[in-house]
2 protein chains.
Amino acid sequence: MSVHDLKIGHPNCGDCPIRHRAVCARCESDELAKLDSIKYYRSFQAGQTVIWSGDRMDFVASVVTGIATLTQTMEDGRRQMVGLLLPSDFVGRPGRSQAAYDVTATTDLVMCCFRKKPFEDLMGSTPHIAQRLLEMTLDELDAAREWMLLLGRKTAREKIASLLAIIARRTASLKTAGKTSDVKFDLPLTREEMADYLGLTLETVSRQMSALKRDGVIELEGKRQIIVQSLDRLLEETGDDSDGGFLV
Amino acid sequence: MSVHDLKIGHPNCGDCPIRHRAVCARCESDELAKLDSIKYYRSFQAGQTVIWSGDRMDFVASVVTGIATLTQTMEDGRRQMVGLLLPSDFVGRPGRSQAAYDVTATTDLVMCCFRKKPFEDLMGSTPHIAQRLLEMTLDELDAAREWMLLLGRKTAREKIASLLAIIARRTASLKTAGKTSDVKFDLPLTREEMADYLGLTLETVSRQMSALKRDGVIELEGKRQIIVQSLDRLLEETGDDSDGGFLV
DNA sequence: CGGATGCTTTGACGCAGATCAATCCGAAAG
DNA sequence: CTTTCGGATTGATCTGCGTCAAAGCATCCG
């Protein structure tokens, strides 16, 4: 594996794309300055491994741009993705020295890193960081539990539809906020990665994608570009409650 | 459902059985006093529902004694347990007004409750509470992710063995700390609850329990009492890494 | 004592999704 | 242009687990 792990410049935190959603979201300008002073960036190419499960991990980090995955592997090679890291998501656990999962860059990836020790110290003195981290961790726990329902009880078709709906919704919320017009987006995952996420084989993923296309739920443009005419129609296929019950 | 939700006395926090593991674990005596002043106990009988998903939830709580479950239900009735709450575990989410899951008492249950608003205020002024809550939430997230691997990739036999191993290990760690002698414990769950936890049907659970018994991995005394002669043998059946790799 | 009632076990059968294997397709390289 | 190579698709077949159904076995209650 060609390590391509270059240091890049230090943009100002003020115009960081994840400034208001990452672990630093709640920080005041003086707190931000402290974080700024210990941060450094790392880049990874698509496909590169950020860290292996069990390896010593002396930093924590936020995803700035790109997508990474958290996966667990069994001795015989069975794999299960346990998290999808999008921009602003946090990696690593204060108070733990070894990585618990493999972290892999799915697309080109930029991470904003903090050495663990200084970060932990800062957390002690800066309640806004710990507060925000708690909030984010609780959100992740909810997401993990939603995924448990998917893994344990949904059919292959429902699993695919759920994954597409999550990505479609996120895309839709960024652009045409609220509109139920058609959504078009890039799948950031290969069929195999989708399979690892959904607890399926890549063949089943492929077959169900074809089936959803045949049934007019989605359209494909190339292999990766997805068009969803009716988000409602897609949501019906997920098996979830129709009223996307908001729990704030 | 006969509601039997009695208030009981206020034992002193000092000799609370979960004092050193619950959300209050890190508190100094003055902090504890504040918590003490806003706490109240609630008891539930085995089988009672503590709260329904979507209901207004104006408190958070710690399990003091007994076991409760967190489950999600789909419209058509498919159910998935997403958490098992043991003594010292925390229920509820600061900053959220509605319950996200059904909470059910599996055994008789006593919870130490705090009204949400005062608790949130206290969290702001008492960093030790927020710290401990973050730590506990991170542990729960790890547990949820381990469960995702189980749900997505393990066979029925491995699922059963994993569940038994978790309970056996917890029991063993309490008693014969370290010894690999035989462990004997009560299953706190019905076959159906096991099925809901493992993403199986109750018939499959029953069959695999019989198979593990037939193969000499476990012994049954009645329906609920389990005897594990060799914990190592049981662990082999879980599909996990043989060296229970410690991640501290 | 007998018959509910709730939980568990066991059997017969079917099917969703895994497995094995053959193409297919598009992009990059020669 | 052809070759190669990393996905993706599609087909044929197998199997683990779900489904449906019938007992079995305690505990409780009249």
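**Figure 1. Surroundings of B:Gly239.** With 20 C-beta neighbours inside 10 Å, B:Gly239 counts as buried; a residue is buried if 20 or more other C-beta atoms, placed from the backbone, lie within 10 Å of its own, exposed if 12 or fewer, and partly exposed in between. The model is predicted: local features need pLDDT of at least 70, side-chain atom pairs count only at pLDDT 80 or more, and totals for chains, interfaces and linings use all residues. Residues are numbered from 1 along each chain as its sequence is written, while chains are lettered from A and ligands numbered from 1 in the order in which they are written. B:Gly239 sits in the segment after α7 (231-236) of chain B. Helices (H or I, at least four residues) and strands (E, at least two) are DSSP runs, numbered from the N terminus. Apart from neighbours within four places in sequence, the contacts of B:Gly239 are A:Met74, B:Lys154 and B:Glu158; two residues are in contact if their C-beta atoms, placed from the backbone, lie within 7 Å. B:Leu134 is 105 residues from B:Gly239 in sequence, and their C-alpha atoms are 30 Å apart.

**Figure 2. Residues around DNA strand C.** A residue is near a molecule or strand if its C-beta atom, placed from the backbone, lies within 6 Å of it. At least two residues of this surface come from each of α6 (202-214) of chain A, α5 (191-198) of chain B and α6 (202-214) of chain B. The most, six residues, are given by α6(B). By class, the surface near DNA strand C has four nonpolar, six polar and six charged residues. Ala, Val, Leu, Ile, Met, Phe, Trp, Tyr, Cys and Pro count as nonpolar, Asp, Glu, Lys and Arg as charged, and the others, Gly among them, as polar.

**Figure 3. Residues around DNA strand D.** DNA strand D is surrounded by 16 residues, of which A:Thr190, A:Arg191, A:Ser206, A:Ser210 and B:Thr204 are the closest. Two or more residues of the surface come from each of α5 (191-198) of chain A, α6 of chain A and α6 of chain B. Here α6(A) gives the most, with six residues. The classes are four nonpolar, six polar and six charged.

**Figure 4. Packing of α5(B) and α6(B).** The two helix axes come within 8 Å and cross at roughly 105 degrees. This angle makes α5(B) roughly perpendicular to α6(B), a class that covers 65 to 115 degrees, with angles under 35 counted as roughly parallel, over 145 as roughly antiparallel and the rest as oblique. Axes are lines fitted to C-alpha atoms, for helices over the stretch in contact, and angles run from 0 to 180 degrees between N-to-C directions. On α5(B) the contact involves B:Arg191, B:Glu192, B:Met194, B:Ala195 and B:Leu198, and on α6(B) it involves B:Leu202, B:Val205 and B:Ser206. These residues divide into five nonpolar, one polar and two charged.

**Figure 5. Contact between chains A and B.** In this interface, 36 residues of chain A are in contact with 36 residues of chain B. On the chain A side, β5 (79-85) and α3 (127-153) are the elements that give two or more residues. The most come from α3(A), with 18 residues. By class, the chain A side has 16 nonpolar, eleven polar and nine charged residues. Helix α3 (residues 127-153) of chain B lies across β4 and β5 of chain A, at about 135 degrees to β5(A).

**Figure 6. Four-stranded sheet of chain A.** This open sheet has the order β2-β7-β4-β5, with antiparallel pairing; two strands pair if DSSP finds at least two bridges between them. The edges are β2 (49-51) and β5, each with a single partner strand, so one side of each is left without a neighbour in the sheet. From one strand to the next, the twist averages 30 degrees. Strand β4 (residues 68-73) is joined by four bridges to the antiparallel strand β7 (residues 102-105), where A:Thr104 stands opposite A:Thr69.

**Figure 7. Three-stranded sheet of chain A.** The strand order of this open sheet is β9-β11-β10, with antiparallel pairing. At the edges, β9 (183-186) and β10 (219-221) each pair on one side only. Four bridges join β9(A) to the antiparallel strand β11 (residues 225-228), and A:Ile226 in β11(A) is the bridge partner of A:Phe185.
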